[in-house]
Amino acid sequence: MKRTTAALIVTVLVVLAGFAASELPSEAERAEPVNHAIRSLADTGAVNAVSAVLFDYRAFDTLGEATVIITTAMIVAFLAPQARASMLSVRMSGIVLYGVVLLLPFIAVFGLAIMLYGHISPGGGFTGGVVLSTSAVLYAVVYSAGGQQSYVLAPATNKMIENVAMTAFLAVGFFGMAASGAFLANAATGIGLGTPGSLLSAGTIPLLNVISGLKVGVGLAIIIISLFLE
Amino acid sequence: MEAILATTAFALTAIGLYGLLTCRHMIRLVLCFNILEAAVLLAIVLLAYRPEALAPLVRDGEHAYVFPLPHALAVTAIVIGASLTALMLAFIVRIYKSRGTVYIDELKEWRR
C-alpha cells in the first residue's frame, strides 16, 4: 500500500516534469551562446571562467559556502568527537603503512597544483582542497587503525588553519572594501590583473583559491576524521 | 545526447524520491538524498550545455564557450551536499547511540 502510494506520487511528479520539459525551447529556438567566458577574461583576467564566477563575480556566495563548511565541521566535531578508531581493530600491514607514506607527497603536490593553477586550468580551490583532505584522511585512517591516534596535523592545528583561512578570506574582502568600496572587489581595487594565463594573474583570484582550498581541505579532514574515529 | 541526459536526470529524481518515500533505514535515506542531489547537479550542468561549445577555459582563436555560471553553482551544490551528508551521518550516529536504532519507524515516541 505504502509502496503503491509512493510509486503513484513519483509517477505523477515525473509526468508533470515531462510536460514541463516538453515546453523547454528546442535546439533551434535557443539563443546563440553568448561568450560570457571571453567577457569574464576581460573583467577578471582569469582564463578559467568558472573560477572567475566563483571567486570574483560571486565571491560573496563562496564566502557563504565557506561558512557552511566551517559550521558543519564545528557541529560534526561536537556531535562525534574524535575518540579512537573503534571501526578498525586490526593494525594495517607494513605494505599499507609504507605505501601511504610514499603516496602522501604526491597527493599533496597534486592538490596544491590544482589549487595554485585554479585560475588558468580546470580545478580550483574547492577541488584542490578535497584532494589535500584525502591525504590527511588517508594518513589518519591507516595509522589510527589498531587503537592509537595519529594525524598529519593535530586536530587543534586543523581548527587553527580553518580559522586563519576564514579570517584571511574576510581580510581579502575588507581589502576590496577599503580600496574600492565594494566587498571582495577584484579588478576595481587597482590590483594588476597580469597577463592572462600566467601564474600571477587575475588579481585576488589565486589568493582566494589558495585560502578556500586550505579551508575546504582542513574542514573536510575534520569532518571525515571525526566521523571515522568516532 | 541532451535528451538522454535529461531522461537520466528525471529517472534519478524519480528513484531518489521513491526511495525517500519508502525507505525506513536512515542510512538509505541519506543515500536517496545523494541520488536526488546527483539528479539536480546533472540538470544544472545540462542547462549550460550547448553542442559544439567548449568548456569555459578561454583559449586562442574564435570559439563558442558554454555558460560558466551553472558550473560554478554545481561546485557550490557539491560542497553543500557533502556538508549536509556529513551532518546527517553525524546525527544518525548520535541517534543510534542514544536510541539503539537506525529505523525512523522506531523513533515515533520522540513526538510527545
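Which backbone oxygen does the side chain of A:Thr62 reach, and at what distance?

Reply: Happy to! Keep in mind that this is a predicted model. The side chain of A:Thr62 reaches the backbone oxygen of A:Leu54, at 2.5 Å. A:Thr62 itself sits in helix α4 of chain A, which covers residues 59-79. With a relative accessible area of 1%, A:Thr62 counts as buried, because the cut-off for that label is under 20%. Setting aside neighbours within four places in sequence, the contacts of A:Thr62 are A:Leu54, A:Phe55, A:Phe126 and A:Phe169.

Now to chain B. Its secondary structure consists of three helices and zero strands, giving the pattern α-α-α along the sequence. The C-alpha trace of chain B spans about 65 × 25 × 20 Å along its principal axes. Its radius of gyration is 19 Å, whereas a compact globule of 112 residues would have one near 13 Å. Of those 112 residues, 37% are buried. Among contacts in chain B between residues at least 6 apart in sequence, 50% link residues at least 24 apart.

As for the surface, chain B has an accessible area of about 6,500 Å², and carbon and sulfur atoms account for 69% of it. Chain B also carries 10 positive and 8 negative charges, whose mean positions lie 19 Å apart.

Conventions: Residues are numbered from 1 along each chain as its sequence is written. Chains are lettered from A and ligands numbered from 1 in the order in which they are written. This is a predicted model: local features need pLDDT of at least 70, side-chain atom pairs count only at pLDDT 80 or more; totals for chains, interfaces and linings use all residues. Side-chain values use heavy atoms; hydrogens and water are left out. Helices (H or I, at least four residues) and strands (E, at least two) are DSSP runs, numbered from the N terminus. The radius of gyration is taken over C-alpha atoms; the globule rule is 2.2 Å times the number of residues to the power 0.38. Buried means under 20% relative accessible area, exposed over 50%, partly exposed in between (1.4 Å probe, protein chains only). Contact means heavy atoms within 4.5 Å. Accessible areas come from the Shrake-Rupley method with a 1.4 Å probe; for residues, only the protein chains shown count as cover. Lys and Arg count as positive and Asp and Glu as negative; His and the chain ends are not counted. The place of a charge is taken as NZ of Lys, CZ of Arg, CG of Asp or CD of Glu. A polar contact is a pair of N or O atoms within 3.5 Å; within protein, one must be able to donate a hydrogen and the other to accept it, and residues adjacent in sequence count only if both atoms are side-chain atoms.
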